[in-house]
Amino acid sequence: MTSAQRLVLPDTVRPYHYDIHWVPCLDTLSFKGSVDISIRIVKVVDVITLHSSELNIDDVKLCIGDKIIVPTAKQAKEEQILHLQFAQPLEFGEAKLSITFNAPLSTKLNGFYKSKIVDKQGNER
């Protein structure tokens, strides 16, 4: 997908803080991680849409106060989009979206990717 084709996300939810953790595993050329996204729900909505490229989603939950809501996660891989479908509409207010994931390290120069360098002696690292 080119930047000209990149989907503009709906304005129903506004993120204002990300707490991201990654753990790379260079032996398997993969990584796992988690993200907590503080959001403001600014329009009543039953789907939250996020950009996502080549991630395997392990777990998703939305915390609104003491209430934990588990959506159905559906990926549109070609569009690099993750749709989180909720059983009931989400009302206005603040919430925390928590996602755990894993993925291979990318071989493309986007996302979290692996690369090699060759030093002056010709050694590849």
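Which residues line the second largest pocket? In this predicted model, the lining is made up of Ile64, Lys67, Ile69, Val70, Ala87, Gln88, Pro89, Leu90 and Glu91. The space in the second largest pocket comes to about 150 Å³. Sorted by class, its lining has 6 nonpolar residues, 1 polar residue and 2 charged residues.

The lining can also be traced back to the strands. Strand S5 (67-69) and strand S7 (81-90) each contribute at least two residues to the lining of the second largest pocket. S7 gives the largest share, with 4 residues.

Strands of a sheet pair through backbone hydrogen bonds, in either a parallel or an antiparallel way. Here, 5 strands form an open sheet in the order S1-S2-S8-S4-S5, and the pairing is antiparallel. At the edges lie strand S1 (13-25) and S5, each of which pairs on one side only. On average, neighbouring strands of this sheet are turned by 15 degrees against each other, with direction ignored.

In the order of the sheet, S8 stands between S2 and S4. Strand S2 (residues 30-41) pairs with strand S8 (residues 93-104) in the antiparallel sense, over 12 bridges. Two positions show how this pairing runs. Ser38 is placed opposite Lys96 in S8, and Gly33 has Phe101 in S8 as its bridge partner. On the other pairing, strand S4 (residues 56-64) and S8 are joined in the antiparallel sense over 7 bridges. Leu62 stands opposite Leu97 in S8.

The cysteines are the last topic. How many disulfides does the structure hold? The count is 0. Is Cys63 buried or exposed? Cys63 counts as buried because its relative accessibility is 19%, and the cut-off for buried is under 20%. Cys25 has a relative accessible area of 30%, so this residue is partly exposed; that class covers the range between the cut-off for buried, under 20%, and the one for exposed, over 50%.

Definitions and conventions:
Residues are numbered from 1 along each chain as its sequence is written. This is a predicted model: local features need pLDDT of at least 70, side-chain atom pairs count only at pLDDT 80 or more; totals for chains, interfaces and linings use all residues. Side-chain values use heavy atoms; hydrogens and water are left out. On a 1 Å grid over the protein atoms alone, a cavity is a set of points where a 1.4 Å probe fits but cannot get out, and a pocket is an open set with protein on both sides within 12 Å along at least five of seven lines; lining residues have an atom within 4 Å of a point. Grid points are joined across faces, edges and corners, and a volume is the space filled by probe spheres set on the points. Ala, Val, Leu, Ile, Met, Phe, Trp, Tyr, Cys and Pro count as nonpolar, Asp, Glu, Lys and Arg as charged, and the others, Gly among them, as polar. Two strands pair if DSSP finds at least two bridges between them. Axes are lines fitted to C-alpha atoms, for helices over the stretch in contact, and angles run from 0 to 180 degrees between N-to-C directions. A disulfide is a pair of cysteine sulfur atoms within 2.5 Å. Buried means under 20% relative accessible area, exposed over 50%, partly exposed in between (1.4 Å probe, protein chains only).
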